[in-house]
Amino acid sequence: MAKKALITGVTGQDGSYLSEFLLDKGYEVYGMIRRSSVDYRERIAHLEGRENFHLRYGDLGDSMSLVAVIAQVRPDEIYNLAAQSHVQVSFDAPEFTADIDATGVLRVLEAVRNCGLADTCRIYQASTSELYGKVEEVPQNEDTPFHPYSPYAVAKQYGYWIVREYREAYNMFCCSGILFNHESERRGETFVTRKITLAASRIAQGKQDKLYLGNLSSLRDWGYAKDYVECMWLILQQDKPQDYVIASGVQHSVREFCELAFHYAGIELEFKGEGMDEKGIDKATGKVLVEVSPDFYRPTDVVNLFGDPSKAKRELGWNPQSTTFEELVKIMVDHDMAKVAVERAEEHIRLNLEEYLEKGVVK
Ligand code: GDD
């Protein structure tokens, strides 16, 4: 019989890639989605209707819905990817973030126990490098002390510890993947990488004048989300439940990401000035294309994330460099250049159509 996996957060970047990955492995995939009148299923639209892909309504904020879904599906594996995942947003919505990112994890664990699945159901918890926060060591591995530095990270730290607690107290097979930043052409548009690749594409095609960013010197360890979902699965296939750092092992600044993204969009950028006065200037035209805005600074910012994926390489046999930083940026820019080109073509057609309607050419 095919294994059954339940994915919370299935409509997100990681949920969509993980669904594809598990379907290819022959799993019966159940995605949990929230009830909403707004359509947010774009990333999984291509999977809907596939024989082994099913959607169920549920919410991490609502225990009863979790129990109902888990009792009905009786999954072999749960991937808890749902979260309020934006760090800056967590400063504006700290209570909601705590409810979903902290208590929500507890609700999943308890629902599994209440459904009598504690001995059979393996659980993957989407943990994060944000736990290292105001970093106490560089690079960070599984033994590096945590110093969470945002309401998001504090909530995620509870999630991490409650998973460990249930592992030790009830012998459950539950693990955290401590994932460093992982990006893709499906990344939400307010995270810095996608914000940059979209803006570079729009600026290159004359659809945007300028890009405003926050801390350009912030350092991140960026990998390709499509590669990282394999680790989520590998973590649950081990003999012993354990936590793993998943990272590329390479570090770059936001500024470097920006330079490379604009380069792939056909613009050579040069950064001049410092702090709030720093600007990204088009070398060819002298035009200022990137500026710094205080709106994108956080009350406390995590500025030096750099992961050591040695344990994942050794024990999971995973290659953290199967997509390099350069390849990742290129994949994202190529995607967004094409997306903007299509939008421009659609706009052109719409304008022509409006003109024809006005002139009575078409009725
Ligand atoms: N979003 C954003 N927007 N970030 C900016 C901007 C901007 O205009 N300008 C600079 N940054 C800096 C942020 O201050 C941060 O230091 C860095 O870029 C990355 O920000 P995000 O892309 O928003 O991601 P994140 O690192 O805060 O969090 C992501 O990665 C975590 C894993 O380390 C999220 O996906 C989290 O959910 C995840 O846990």
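This is a short exchange on how terms and cut-offs apply to the predicted model above.

Trainee: What is the basis for the values?

Mentor: The model is predicted; local features need pLDDT of at least 70, side-chain atom pairs count only at pLDDT 80 or more, and totals for chains, interfaces and linings use all residues. Residues are numbered from 1 along each chain as its sequence is written, and side-chain values use heavy atoms, with hydrogens and water left out.

Trainee: Why is Gln 125 called buried?

Mentor: Buried means under 20% relative accessible area, exposed over 50%, partly exposed in between, with a 1.4 Å probe and protein chains only. Gln 125 has 2%, so the residue is buried. Gln 125 belongs to strand E5 (residues 122-128). Strands (E, at least two residues) and helices (H or I, at least four) are DSSP runs, numbered from the N terminus.

Trainee: What does Gln 125 touch?

Mentor: Contact means heavy atoms within 4.5 Å. Leaving out residues up to four places away in sequence, the partners of Gln 125 include Asn 80, Val 105, Lys 156 and Cys 175.

Trainee: What makes the pair of Gln 125 and Asn 80 a polar contact?

Mentor: A polar contact is a pair of N or O atoms within 3.5 Å; within protein, one must be able to donate a hydrogen and the other to accept it, and residues adjacent in sequence count only if both atoms are side-chain atoms. The side chains of Gln 125 and Asn 80 are at 2.8 Å.

Trainee: Why is Arg 74 called partly exposed?

Mentor: Arg 74 has 45% relative accessibility, so it counts as partly exposed. Arg 74 sits in the loop between helix H2 (63-73) and strand E4 (77-80). Its phi is positive, near 50°, and Arg 74 is not a glycine.

Trainee: And why is Asn 171 called exposed?

Mentor: The relative accessible area of Asn 171 is 67%, so the residue is exposed. Asn 171 lies in the loop between H5 and strand E6 (174-179). Asn 171 also has a positive phi, about 60°, without being a glycine.

Trainee: How do you know that the bond between Val 138 and Pro 139 is cis?

Mentor: Look at omega: about -5° for that peptide bond. Pro 139 is in the loop between E5 and helix H5 (151-170).

Trainee: What makes E1 and E2 a pair?

Mentor: Two strands pair if DSSP finds at least two bridges between them. E1 and strand E2 (residues 28-33) have 5 bridges, in the parallel sense. Ala 5 has Val 29 in E2 as its bridge partner. In strand E1 (residues 4-8), 4 of the 5 residues are buried.

Trainee: Which residues of helix H8 are buried, and what covers them?

Mentor: In H8 (residues 254-264), the buried ones are Val 254, Phe 257, Cys 258, Leu 260, Ala 261 and Phe 262. Their cover includes helix H6 (192-204), strand E13 (269-272) and helix H10 (325-359). After H8 comes Gly 266, with a positive phi near 95°.
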